[in-house]
Amino acid sequence: MTNIASNIVANSQTYYFKYVVGDISMMSLVSVTSIAGPLTIAFYPMLSKKIGMKNLMAAALLIGAVGKLLPLLGVTSMPLLLVSALFFSISFMPIFILTSNVIINCMDYGEYKNGVRGEGIYTCVSGFCSKVGTGLASGMLGLVTALGGYDGTAVVQSSSAVNSVILLFTVVPAALYFLAVLALQFYKLDKELPYIQEELKREAHLLQGEKIVCCILQRPFAAANNIPMIRTSAPIPGAGGFCRHPTYLPNYRIDLKNPQNKL
């Protein structure tokens, strides 16, 4: 959704300054505010630790949504357009930077739950969604302006065409940002991630032989007792290739170097 919103803003701003503001050269002045976004990156680690990555991204999205609605108070007001562009630039950078972290966290969660990290599928889905977002943004731009009666050959556009451009530049990206905030509420790994990462480290040590205890589980026993299993990189005699950290079933620990000996 954020990708669609940013592409809609980028594609519609030329129309906005040409037909709404009436001076396309002002677009260059407003674009200068984009330098503010990268300057905020230095604060992300501190803010992420203090309020959490999810809350930081949600706050950024809300700032961007409010910023895009500001021009509605005065569609030709340059001060409002400058503040709007500043807010949107500041809001975009946390999403652009931290999305990769969110994807990596989802990889950790997937590995913890299923034993498969799945870097390839996560990366492909992310790239696919980005391409789809770009295409949808172009399609929405064409659809809304067509419904508004935009005529590229006309010197002066109708009021409905001008309103469609205003809608695309302000309300549509703001609505998409609000929807992104709602979607972000389903992300709940900020609190769970430290424990998940610690468990993955322990299991990595098990597989590398740095810890020689492991829980031996057969599929029926694990399923009957609702115990998750993780596939090992190398088969363990008597384990059926599955193990879990010994804290889950202390009575089933064995010595991996001598599997026949229980601890």
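F88 is buried, with a relative accessible area of 10%; buried here means under 20% relative accessible area, exposed over 50%, and partly exposed in between, for a 1.4 Å probe and protein chains only. The model is predicted: local features require a pLDDT of at least 70, side-chain atom pairs count only at pLDDT 80 or more, and totals for chains, interfaces and linings use all residues. Residues are numbered from 1 along each chain as its sequence is written, and side-chain values use heavy atoms, with hydrogens and water left out.

**Aromatic pairs and the lysine over the rings**

The structure holds 7 aromatic pairs. Rings of Phe, Tyr and Trp (its six-membered ring) pair if their centres lie within 6.5 Å; planes under 30 degrees apart count as stacked, over 60 as edge-to-face and the rest as tilted. Two of the pairs are set out below.

| Pair | Geometry | Centre to centre | Angle between planes |
|---|---|---|---|
| F17 and F169 | edge-to-face | 6.4 Å | 80 degrees |
| F88 and Y177 | stacked | 5.4 Å | 20 degrees |

F17 lies in helix α1 and F169 in helix α8, so this pair ties together parts that are 152 residues apart in sequence. Helices (H or I, at least four residues) and strands (E, at least two) are DSSP runs, numbered from the N terminus. Both F17 and F169 are buried. Y177 is buried, with a relative accessible area of 0%.

K68 is placed over a ring of each pair. K68 lies over the face of F88, at 5.2 Å from the ring centre, and the charged end of K68 sits over the ring of F169, 3.7 Å from its centre. A charge sits over a ring if NZ of Lys or CZ of Arg is within 6 Å of the ring centre and within 35 degrees of the ring normal. Separately, Y15, Y19 and Y150 form one aromatic cluster.

**Helix α1**

Helix α1 covers residues 2–21 and has a kink of about 40 degrees centred on S12. The bend at a residue is the angle between axes fitted to the seven residues ending there and the seven starting there. The buried residues of α1 include I4, I8, S12, Y16, F17 and Y19. Among the elements that cover the buried residues of α1 are α2 (26–31), α5 (53–69), α6 (78–114), α7 (119–147) and α8 (159–184); contact means heavy atoms within 4.5 Å. After α1 comes G22, whose phi is positive, near 85 degrees.

D108 is located in helix α6 and is buried, with a relative accessible area of 8%. Leaving aside neighbours within four places in sequence, D108 is in contact with R117, L193, I196, Q197 and L200. Of these, Q197 is in helix α9 (residues 189–207) and counts as partly exposed at 31% relative accessibility. Not counting residues up to four places away in sequence, Q197 touches N105 and D108. The C-alpha atoms of Q197 and Y112 are separated by 8.3 Å, although these residues are 85 residues apart along the chain.

N101 is also found in helix α6, and counts as partly exposed at 34% relative accessibility. The C-alpha atoms of N101 and M53, which are 48 residues apart along the chain, are separated by 8.9 Å.

**Cysteines**

The structure holds 0 disulfides, a disulfide being a pair of cysteine sulfur atoms within 2.5 Å. C106 is partly exposed, with a relative accessible area of 25%, and C129 is partly exposed at 45% relative accessibility.

**Confidence of the model**

The protein averages a pLDDT of 77, and 77% of the residues score at least 70; pLDDT is the predictor's confidence in each residue, from 0 to 100. Among the elements of the protein, α8 has the highest mean pLDDT (93) and strand β4 (residues 253–255) the lowest (39). Over residues 209–225 pLDDT stays under 50, and the model has 52 contacts beyond four places in sequence for this stretch. Residues 227–263 are likewise below 50, with 89 contacts in the model beyond near neighbours in sequence. Where pLDDT is low, the predicted coordinates should not be read in detail.
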